[in-house]
Amino acid sequence: MRLSAEQCQAHCVDSITAQVFREGEPVPLGPEVLAACGEVVSFDGLPAGHRVRVRAVLTEKGTKRLDGWSEVTTIPADTSAVVSVPLNPVEVPVALSVSPDPAPAGATQLAVSGTGFSTGHGDSRVLVGGVDSTVLTWTADAIEVSLPEGLAGDQVTVIACGLESNPVGLRLLN
């Protein structure tokens, strides 16, 4: 198992932990393996013929971002097996509100509050009326952006680490 530096950046993760479990058993066959992005995760000395599943957790500064389990696979004798682990987001970004609301004519900035925004690197941006906005500040629960020129849209959407939030209505005063 390996994630390239580009994949890690797009998903806002910096490390991978993985463990092997015998099919149907809750206790792992060995300790967790920790790897930085770009490193190969491998398990040595697994008994041939055992049917196993791999659990992978991708983290950003210790916070779980993606999590998944492989399909059951049989450990081959004297060889290695490549296992694919489908990953699911642990937390999807949720946009809760925008401020000011309503936005006065000529407003140049907008604040978006919510949860699960991560740290804003990777594939992260804010769409106002479907147009990319310039991000001024970004935290896990608040983002400030410059409003695009000629704003005509009425929705704000946050894309954090490639995951899209719900749209939040934006009322504009003329």
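Analyst: Let's start at a valine pair: Val156 stands opposite Val168 in β15. Val156 itself belongs to β13, where Val128 also stands opposite it. Before we go on, please keep in mind that this is a predicted model, in which local features need pLDDT of at least 70 and side-chain atom pairs count only at pLDDT 80 or more, while totals for chains, interfaces and linings use all residues. Residues are numbered from 1 along each chain as its sequence is written, and side-chain values use heavy atoms, with hydrogens and water left out.

The strand to look at is β13, residues 155-160. (Strands are DSSP runs of E with at least two residues, helices are runs of H or I with at least four, and both are numbered from the N terminus.) Of the 6 residues of β13, 5 are buried, so the strand is largely enclosed by the rest of the structure. Here buried means under 20% relative accessible area, exposed means over 50%, and partly exposed is in between, using a 1.4 Å probe and protein chains only.

Now for the neighbours of this strand. Two strands count as paired if DSSP finds at least two bridges between them. β13 pairs with β9 (residues 125-128) in the antiparallel sense over 4 bridges. With β15 (residues 168-169), β13 pairs in the antiparallel sense over 2 bridges. β14 also runs antiparallel to β13, and 2 bridges join them; here Ile159 has Glu164 in β14 as its bridge partner.

β13 and β14 form a hairpin with 2 residues between the strands, and Cys161 there takes a positive phi near 55°. Cys161 is not a glycine, yet has this positive phi value. This cysteine sits in the loop between β13 and β14 (163-164), and counts as buried because its relative accessibility is 3%.

Cys161 also takes us to the other end of the numbering: a disulfide joins Cys161 to Cys12, with 2.0 Å from S to S. (A disulfide is a pair of cysteine sulfur atoms within 2.5 Å.) The torsion about this S-S bond is about -105°, so the disulfide of Cys12 and Cys161 is left-handed. The pair links distant parts of the chain, 149 residues apart, with Cys12 in the loop between α1 and β1 and Cys161 in the loop between β13 and β14. Cys12 counts as buried because its relative accessibility is 0%.

The whole structure has 2 disulfides. The other one is formed by Cys8 and Cys37, whose sulfur atoms are 2.0 Å apart; with -100° about the S-S bond, this link is left-handed. Cys8 lies in helix α1 (residues 5-10) and Cys37 in the loop between β2 (33-36) and β3 (51-60), so the pair ties together parts that are 29 residues apart in sequence. Cys8 is buried at a relative accessible area of 3%, whereas Cys37 is partly exposed at 23%. Counting bonded cysteines along the chain, the disulfides follow the pattern 1-3, 2-4.

Ser15 touches Cys37, and its other contacts include Leu34, Val57 and Thr59, leaving out residues up to four places away in sequence. Contact here means heavy atoms within 4.5 Å. The side chain of Ser15 makes a polar contact of 2.7 Å with the side chain of Thr59, and another of 3.5 Å joins the side chains of Ser15 and Asp14. (A polar contact is a pair of N or O atoms within 3.5 Å; within protein, one must be able to donate a hydrogen and the other to accept it, and residues adjacent in sequence count only if both atoms are side-chain atoms.) At 14% relative accessibility, Ser15 counts as buried.

Ser133 is found in the loop between β10 (131-132) and β11 (134-138), and counts as buried at 11% relative accessibility.
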